[in-house]
Amino acid sequence: MTETRLNDRAIVRLSATDGSEDIRAFLQGLVTQDMTDVLEGAPQWSALLTAQGKVLYDFILWVDGDAILIDCEEEQADALVKRLKLYRLRRKIEIARDDSLGVYWALNAINQPADPRLAALGHRWLAEAGQGKAADEAYRKHRLSYGVTEGVAELGSDKTLWLECNAAELNGVSFTKGCYVGQENTARMNYRQKVNRRIVVVPVAQADEKRQRIVYRDLGLSIEHRRVDDLETLDLPDWLRKAL
């Protein structure tokens with residue numbers, strides 16, 4: 001595969017401007033993932049939530065020395081930077097886009113990290129921006145073939161509870177890390193096993209327009225927010241069928 005560049009992704013860099021600052025500790029109280037699990041060569045899927053536990057932005061976290069890199073939607077990168085700066089207060093942390101780096105993806109790049117959500121999604125890595133042809137369409141088709149959703153268009157912004165985005169099944173949340181924004185409701189839902197709705201990928205022929213988030217006509221797929229009771233007749237991916 002020669003098409004590897006994901007042009008609809010961008011990198012946000014968080015770095016300390018003072019040796020006393022700890023980027024991991026800063027993010028630990030904000031994001032859904034346990035920052036101790038974000039290691040060199042082991043990126044993790046995570047999100048920034050509202051206080052009610054609804055997803056604002058989802059992203060993949062990477063380590064770069066003492067800095068943390070956020071692999072996020074290109075269209076949402078500036079808004080994510082602005083949001084993170086609200087939490088920074090007077091801490092000596094720089095939060096900015098890093099346009100020198102790009103996000104890359106391939107199915108069989110076995111020397112690169114596997115996607116942290118589902119190994120079948122292939123491999124992704126960060127490298128100097130500008131290398132490779134765009135792989136966005138191939139990546140989207142492959143990702144949705146496994147029922148994995150991402151981004152504001154599919155998950156919504158301040159519309160969907162994080163566990164309804166299949167975050168527990170796709171390794172996007174820690175239930176042992178302690179407090180973070182939106183943790184209380186997220187933990188309660190998990191403890192009570194009260195995930196009553198799910199974001200799912202549905203063939204257009206089975207679509208319910210009242211539940212739609214976005215339709216991909218070229219792929220014949222509809223992304224929908226459905227009640228769990230309505231999912232029994234759908235052809236769900238194995239990972240979600242087992243969870244339900």
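Two strands count as paired if DSSP finds at least two bridges between them. Arginine 197 has such a bridge partner in S12, namely arginine 227. The model is predicted. The largest pocket has a volume of about 370 Å³. The second largest pocket has about 220 Å³.

**Largest pocket**

- The lining of the largest pocket consists of 17 residues.
- Nearest the centre of this pocket lie Asp8, Glu73, Arg143, Glu154 and Tyr216.
- By class, the lining has 11 charged, 4 nonpolar and 2 polar residues.
- Helix H3 (136-145) and helix H4 (151-155) each provide at least two lining residues.
- H3 gives the most to this lining, with 5 residues.

**Second largest pocket**

- The second largest pocket, with a volume of about 220 Å³, is lined by 13 residues.
- The closest to its centre are Glu169, Gln193, Val195, Arg198 and Ala243.
- Its lining divides into 7 nonpolar, 3 polar and 3 charged residues.

**Three-stranded sheet**

- An open sheet is formed by 3 strands in the order S10-S12-S11, with antiparallel pairing.
- Strand S10 (197-203) and strand S11 (212-216) are the edge strands, and each pairs on one side only.
- On average, neighbouring strands of this sheet are turned by 25 degrees against each other, direction ignored.
- Between S10 and strand S12 (residues 221-227) the antiparallel pairing runs over 7 bridges.
- Between S11 and S12 the antiparallel pairing runs over 4 bridges.
- Glutamine 212 has glutamate 224 as its bridge partner in S12.
- S11 and S12 make a hairpin, with 4 residues between the two strands.
- In the turn of this hairpin, glycine 220 has a positive phi of about 65 degrees.

**Cavity**

- The whole structure holds 1 cavity of 30 Å³ or more.
- The largest cavity contains about 40 Å³ of space.
- Its lining is made up of Tyr57, Asp58, Phe59, Cys72, Glu73, Gln76, Leu80 and Val152.
- Strand S4 (55-64) and strand S5 (67-73) are the elements that give two or more residues to this lining.
- S4 supplies the largest share, 3 residues.
- The cavity lining has 5 nonpolar, 1 polar and 2 charged residues.
- Glu73 lines this cavity, and Glu73 is also among the residues nearest the centre of the largest pocket.

**Cysteines**

- A search of the whole structure finds 0 disulfides.
- Cysteine 165 is in no disulfide, and the nearest cysteine sulfur, that of cysteine 72, is 17 Å away.
- A disulfide needs two cysteine sulfur atoms within 2.5 Å.
- Cysteine 165 counts as buried because its relative accessible area is 0%, and the cut-off for buried is under 20%.
- Cysteine 179 counts as exposed because its relative accessibility is 64%, and the cut-off for exposed is over 50%.

Terms used: Residues numbered from 1 in each chain as written. Predicted model: local features only at pLDDT ≥ 70, side-chain atom pairs only at ≥ 80, totals over all residues. Heavy atoms only, no water. 1 Å grid on protein atoms, 1.4 Å probe; cavity = no way out; pocket = protein on both sides within 12 Å on 5 of 7 lines; lining within 4 Å. Points joined across faces, edges and corners; volume = space filled by probe spheres on them. Nonpolar A, V, L, I, M, F, W, Y, C, P; charged D, E, K, R; others polar. Axes fitted to C-alpha atoms, helices over the stretch in contact; angles between N-to-C directions. Buried < 20%, exposed > 50% of the residue type's maximum accessible area, 1.4 Å probe, protein only.
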